Amino acid sequence: MHGAANPPLCAGIQRLKTLHKYITGQVLAALLLTVAVFAFVVLLLNVLHDVLPLLFGGVVPLGLVAKAIGLLLPFACVYALPMGFITATLLVFGRFSADQELTAMRASGVSLLSLVTPVLLLSLLCCGLSAWFNLDLGPRARAEFLNLRFELLHDLASAQIPEGQMINEFPGVQVYIEKNNGGDLQGIRILKLPTPTNGATLIIASRGRLTPDHAPNQLVVDLVDAHIINPNARNASVTSMGKWTFNFSPNAVTNRMTKPKISDMTFGQLRQELRERKRDLQALQQLNFSAANAGAPATLAGLQRLNLAAGTNASPAETGAMLREVAGLWSREIERAQVAMHREIAFSFACFGFTLVGIPLGIRVHRRETNIGIAIALMLVVVYYGFTMLGESLAARPEFYPHLILWLPNFLFQAIGAALLWRANRGI
């Protein structure tokens, strides 16, 4: 009896293995092709924007341009891998459905779920690869490319003062610039750190202008409507100045920025940034700075511990308002770092959600044409990235929970894809 039962069972297992090998090979071949196409498109957009102006302007040789393109490739793969996966599943399963291959497989007693199991496992493997690109390799390569670009351009006026991040690369100062439009600065915050002979100074200006170098390894910023919290007086106060010039001395060894923007940081760098900003914010909050206690000895001692002593002739309320505004900047930096961390992790799971949606949609579309599959894939990618862009745009608005918005497309795609796959398996 056993001898009579085993041959059909073995034949069924062998048939399933053959089908798994066949469909996995089809998806993998389509995946490699689509990832290559999308990576080329993303790479081309960055090359046209950042690299070709350097080459055509005669600024750099062709070899360094090739190096720059190589550094952009991992960054392009961050986006190309999920886009390639959903396109590959739509194309492969759309063709299988149109050619009645799925009907033949079901007639042989093979369910859709058992058929697509290796494809789902492949998508999870690509999630791990995507996590490597998102959390480490992509941001690191992008930051290295930007550093290379800054070094090649030798444009201190636009490169050494990036906007929207806390800059610690200039010896003796910390700088925050809200906007930098070709050297026209807005929202300037400069913390001059204490020395053995002088205390710290906080400089706040509504706008300013980067001027050409007055000396080697120097940047000059002409500040307009500047307010200075001075460390040389006993009473907390602020000095107002119409225009003031501040000289920066960039790092003479590298003469370039070494700290990437938050959007270009690896996951490990984001964790370090988050710890530092939380530590600074906690120090500010411990001051309990207000109009009532601005001149109290305990508060002034707290300012000294923070390297932010205050003095001259403004009211305690004005000084307190400025310091609270600086604390708000630190809070927004914390939220931006948290959003960036959630974005990198959430986007790593895009391949799985795209696969769950792509398989049943490809079957329902029932078309062999490549352009139909690509059009549907692009629409789904736009929906997914729409949530990502919305979450990033609300990074400074914690009341809207932007880090949770970044996870919404994963939950939606996986839930809808699982429901559609279940219905397709039952032939509904």
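**Exercise 1. State what share of the chain's contacts with a separation of 6 or more comes from residues 24 or more positions apart.**

Solution. A contact means heavy atoms within 4.5 Å. Among contacts in the chain with a separation of 6 or more, 71% join residues 24 or more positions apart. The structure is a predicted model, in which local features need pLDDT of at least 70 and side-chain atom pairs count only at pLDDT 80 or more, while totals for chains, interfaces and linings use all residues. Residues are numbered from 1 along each chain as its sequence is written, and side-chain values use heavy atoms, with hydrogens and water left out.

**Exercise 2. Determine which residue of E2 is the bridge partner of Ile167, and which residue of E3 stands opposite Val175.**

Solution. Strands (E, at least two residues) and helices (H or I, at least four) are DSSP runs numbered from the N terminus; two strands pair if DSSP finds at least two bridges between them.

1. Strand E1 (residues 166–167) runs antiparallel to strand E2 (residues 173–181), and 2 bridges join them.
2. Within E2, Val175 is the bridge partner of Ile167.
3. E2 is also joined to strand E3 (residues 184–192), by 8 bridges and again in antiparallel fashion.
4. In E3, Ile190 stands opposite Val175.

**Exercise 3. Explain why the buried residues of H12 line one face of the helix.**

Solution. Buried means under 20% relative accessible area, exposed over 50%, and partly exposed in between (1.4 Å probe, protein chains only).

1. Helix H12 (residues 408–425) has 18 residues and spans 25 Å from its first C-alpha to its last, close to the 26 Å expected at 1.5 Å a residue; the expected span is 1.5 Å times one less than the number of residues.
2. Its buried residues are Pro409, Asn410, Phe413, Gly417, Leu420, Leu421 and Ala424.
3. Viewed down the axis of H12, these residues fall within an arc of 120 degrees, so they line one face; the arc is that of the directions from the helix axis to the C-beta atoms.
4. An α-helix has 3.6 residues a turn, so residues three or four places apart point the same way.

**Exercise 4. Decide whether Thr87 is buried or exposed, and identify what Thr87 touches.**

Solution. 

1. Thr87 lies in helix H2 (residues 62–98).
2. Its relative accessibility is 1%, so Thr87 counts as buried.
3. Not counting residues up to four places away in sequence, Thr87 touches Thr34, Phe38, Ile374 and Ala377.
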